[in-house]
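Subject: Structure handover

Hello,

Please find the structure below. My notes on what was found in it follow.

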Amino acid sequence: MYINSVEIENVGPIELFKYKIERSTNGVIKPLILIGKNGAGKSIVLSHFVNPILEAFSTAFQDAEMEQGKVYKLRSPDYITRGKHFSRSRVNFGTYIHD
């Protein structure tokens, strides 16, 4: 299972973040490097990658190493960007078979 893309809107300092995971011509996933000053939203982006993986793992395995419902970073209405009425995120997963 791989993350193919992520969209985050109106979460903390992030008004809109869209990213499609890139692959090189031979199919190798290119690394994503997040840089920015403190408070720019780097940890928020990472939490949107990690939380669905943790949830899938704890759902698939009854003897998962983490407690059910635990997350990397909690989300709350306080994270909605100031002046906005909603926030949303979407993480698309897929499978990838390399020849």
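Salt bridges

The count comes to three salt bridges, a salt bridge being a side-chain nitrogen of Lys or Arg within 4 Å of a carboxyl oxygen of Asp or Glu. This is a predicted model, in which local features need pLDDT of at least 70 and side-chain atom pairs count only at pLDDT 80 or more, while totals for chains, interfaces and linings use all residues. Residues are numbered from 1 along each chain as its sequence is written, and side-chain values use heavy atoms, with hydrogens and water left out.

One of the salt bridges joins the side chains of E7 and R88, at 3.0 Å from N to O. E7 belongs to strand 1 (residues 2-11) and R88 to strand 3 (residues 88-94), so this pair ties together parts that are 81 residues apart in sequence. Helices (H or I, at least four residues) and strands (E, at least two) are DSSP runs, numbered from the N terminus.

R88 also meets E9 in a salt bridge, with 2.7 Å from N to O. E9 is in strand 1 as well, so its pairing with R88 in strand 3 links parts 79 residues apart in sequence.

The cut-offs are under 20% relative accessible area for buried and over 50% for exposed, with partly exposed in between (1.4 Å probe, protein chains only).

E22 and K30 form a salt bridge too, their closest N and O atoms being 3.9 Å apart. E22 is partly exposed at 41% relative accessible area, and K30 is partly exposed at 40%. Through shared partners, salt bridges join E7, E9 and R88 into one network.

Aromatic pair

The structure holds one aromatic pair. Its members are F17 and Y19, which are stacked, with 6.4 Å centre to centre and 15° between the planes. Rings of Phe, Tyr and Trp (its six-membered ring) pair if their centres lie within 6.5 Å; planes under 30 degrees apart count as stacked, over 60 as edge-to-face and the rest as tilted. Both F17 and Y19 are buried.

Confidence

The protein chain has an average pLDDT of 82 (the predictor's confidence in each residue, from 0 to 100), and 82% of the residues score at least 70. Confidence is highest in strand 2 (residues 14-20), at a mean of 94, and lowest in helix 1 (residues 42-60), at 82. Where pLDDT is low, the predicted coordinates should not be read in detail.

Regards
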